[in-house]
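Here is a short walk through one structure. Keep the sequence and the 3D view side by side as you read.

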Amino acid sequence: MTTRLILEVCNVRHVYPEGGTGLAGCSINIRRGSRNALLGANGSGKTTLLQQLNGLLRPASGVILLDGSPLDYSRNGLNALRSRVGLVFQNPDRQLFSASVFEDVSFGPLNLGLEEAEVRLRVAQSLAAVGMAAMADRPVHHLSFGQKKRVCIAGVLAMRPEVLLLDEPMAGLDVAAQTELLAVLDELSSRGITVVLSTHDVDHAYRWADDIHVLAAGRCIASFDAGRLPEQEVALKAAGQALPAVVELHRALAARGLQPATPAPRSMNALIASLAAWPPHGLAEAAPLGTSLGTPPSTRPWHDARRGRLRRH
Ligand SMILES: Nc1ncnc2c1ncn2[C@@H]1O[C@H](COP(=O)(O)OP(=O)(O)OP(=O)(O)O)[C@@H](O)[C@H]1O
Ligand SMILES: [Mg+2]
């Protein structure tokens, strides 16, 4: 029987041998097929949690369930876990070790003992998925940082994982490379792969995720549907995070009657599109900039207009 939750982290504590507390009783549920952002400041426990999820680290106490069963830390259990739950490190140089792109991506499938034809097929498909098919024969050390990141993702995809974990995948990428990487993640997500990434970037988490999990001091202090982020100001503040810029801007516009209060757009592009279509046909002129922010909602022109009381004559 399949469960709706693919991963359950139950009160996990992690203490590093040197004495640092990585996780201090962390609980998180990951829904099968969902896009998840672990959002938190430096040192909040994101990397420790991701490494726990694919068995690189083991809880000092607490338990992690995959598909309802506790993780198996035996050698065979870990091999099976890592083919189901793949981790892409923040620094690609920590992950890549073979001479060529092809060799690197084929390493995992070869270790699974697959036939050569199957290995070649998986490498070709994984490199194509990240837009690196043309670079299979390139030496790894001739790649740019962003290309190395893609090869790391291809290496994990070649294992055909159910869950893809990425530690700060956007870090170090320029805007174009970030956009391309997001398209790759969207494509994987549309194939049903569960994606969990860590980020400090609240704008990115709000724009991209289905579920956001806010980490602070080794705990998850809030998990919510990303669309409800504007209601989570207290948790965000506790984790040292501001509201996304698009939420702040949308609030200021709504307070001036230049946007409806809901729904809040999730990206600047969505806000710009909404502004371009404002005011909707048949509604009153929007209030001019400078309208008092303190005006109660019921007296704002757009608010009444939506009820059909105020119409353009
Ligand atoms: N190898 C280590 N030895 C001791 N303490 C560690 C070690 N790695 C991390 N820690 C501690 O564990 C806590 C969580 O660290 P972690 O790297 O998981 O945070 P993070 O959210 O990934 O931070 P960042 O955003 O900086 O990557 C921090 O207090 C950190 O100092
Ligand atoms: Mg980290």
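This is a predicted model: local features need pLDDT of at least 70, side-chain atom pairs count only at pLDDT 80 or more; totals for chains, interfaces and linings use all residues.

Residues are numbered from 1 along each chain as its sequence is written, while chains are lettered from A and ligands numbered from 1 in the order in which they are written.

Start at ligand 1. Its shell holds 13 residues, and Tyr16, Gly20, Asn42, Thr47 and Thr48 come nearest. A residue is near a molecule if its C-beta atom, placed from the backbone, lies within 6 Å of it. Helix 1 (residues 46-53) gives the largest share of this shell, three residues. Helices here are DSSP runs (H or I, at least four residues), numbered from the N terminus. By class, the shell has ten polar residues, two charged and one nonpolar. Ala, Val, Leu, Ile, Met, Phe, Trp, Tyr, Cys and Pro count as nonpolar, Asp, Glu, Lys and Arg as charged, and the others, Gly among them, as polar.

Move on to helix 3 (residues 101-111) and helix 4 (residues 116-129). They pack at an angle of about 125 degrees, and their axes are 9 Å apart. Axes are lines fitted to C-alpha atoms over the stretch in contact, and angles run from 0 to 180 degrees between N-to-C directions. Helix 3 is therefore oblique to helix 4. Angles under 35 degrees count as roughly parallel, over 145 as roughly antiparallel, 65 to 115 as roughly perpendicular and the rest as oblique. From helix 3, Phe102, Val105, Ser106, Pro109 and Leu110 meet Val119, Arg122, Val123, Ser126 and Leu127 of helix 4. This contact has seven nonpolar, two polar and one charged residues.

Next comes Val151, in helix 5 (residues 145-157). Is Val151 buried or exposed? Val151 counts as buried, because it has 26 C-beta neighbours inside 10 Å. The cut-offs are 20 or more other C-beta atoms within 10 Å for buried, 12 or fewer for exposed, and partly exposed in between. Beyond four places in sequence, the contacts of Val151 include Val101, Asp104 and Val105. Two residues are in contact if their C-beta atoms, placed from the backbone, lie within 7 Å.

Finish at Val246, in helix 9 (residues 245-255). Val246 is buried too, with 21 other C-beta atoms within 10 Å. Ser267 lies 21 residues away in sequence, yet 6.1 Å from Val246 in space, C-alpha to C-alpha. Ser267 is also among the contacts of Val246, along with Asp203, Pro265, Met268 and Leu271.

Note on methods: Helices (H or I, at least four residues) and strands (E, at least two) are DSSP runs, numbered from the N terminus.
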